[in-house]
Amino acid sequence: MASVTADKTLDTSGLNCPLPVLKTKKALEELQSGQILEVISTDPGSKADIPAFCQRTGHELVETVEEGGKYIFYIKKK
Amino acid sequence: MAERLAIIATKGTLDWAYPPLILASTAASLGVETAIFFTFYGLNIIHKEKMEHLKIAPVANPAMPMVFPPSVKKTPVAGQLASLMESIFPGPPQLMGVIPGMTDFMTAMMKKMFKDHGVASIPELIELCKEADVKLIPCQMTMELFGYKYEDLIDGLEPPGGAATFINYVLEADKPMIIFV
């Protein structure tokens, strides 16, 4: 379980590269600065791709949880 | 403008249509100004009718795996046949490519496999590129060569451009990048 609470959840289960990243970007646009987006993914590639996206765009990856074949990312909008 | 990524798409088969669109939509969502220059067969990716019928070429493609999507392998008889074929042949024998209808069959199987794995379709990726403000530039010279009119191509494209326009667009950036596909 994660220690942060999300303001919004995006479930990309079943989707493959590059859709989780593209949908994350769109979902972040709907949030206010400082709010947290929870992204659920089943794409193993997203394990490296979501941190790369955050590093590049300046949003903060607060926490990553891996459970039962799912990767859950908590991203704080910059 | 700090960074610009320019991708040159020259191939018009289904498999080759993916890399430029995936790279462009992702780069744009990472905040990089991105453009795709569609030239030669790459123009088919943005051709209103042809984009719906991009195909996989089994001939001269020895790297191609047998493509039986998971949903086919799970069906009783067809699934067992598919698994048997996969155990004998690592890929479709090149000779099979000359069988009429084989290209369409392989394409259908590949499309099914993409869908089963949650991979976006080409029209979906084009839409995602447009939403992410990727500039889609058709090559003027090849359009004339193939007899494609601007209205034969999908909506939302930049005006047709030539090599000089494109190179200039790229080099205006502080950090220009070009990928050739």
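These legends describe close-up views of a predicted model.

**View 1**

**View 2. The contact between chain B and chain A.** On one side are 11 residues of chain B, and on the other 12 residues of chain A. Helix α1 of chain B, residues 14–29, gives the most to the side of chain B that touches chain A, with four residues. By residue type, that side of chain B has five nonpolar residues, six polar residues and no charged ones.

**View 3. The open sheet of chain B.** Four strands of chain B form an open sheet with parallel pairing, in the order β3-β2-β1-β4. The edges are taken by β3 (135–138) and β4 (175–180) of chain B; each has a single partner strand, so one side of each is left without a neighbour in the sheet. From one strand to the next, the twist averages 20°. Strands of a sheet pair through backbone hydrogen bonds, either parallel or antiparallel.

**View 4. The pairing of β1 and β4 in chain B.** Strand β1 of chain B spans residues 3–9. Six bridges join strand β1 to β4(B), and the two strands pair in the parallel sense. Within this view, B:L5 stands opposite B:M177, a residue in β4(B). Strand β4 of chain B is an edge strand of the sheet.

How values were computed. Residues numbered from 1 in each chain as written. Chains lettered and ligands numbered in written order. Predicted model: local features only at pLDDT ≥ 70, side-chain atom pairs only at ≥ 80, totals over all residues. Contact = placed C-beta atoms within 7 Å. Nonpolar A, V, L, I, M, F, W, Y, C, P; charged D, E, K, R; others polar. Pairing = 2+ DSSP bridges. Axes fitted to C-alpha atoms, helices over the stretch in contact; angles between N-to-C directions.
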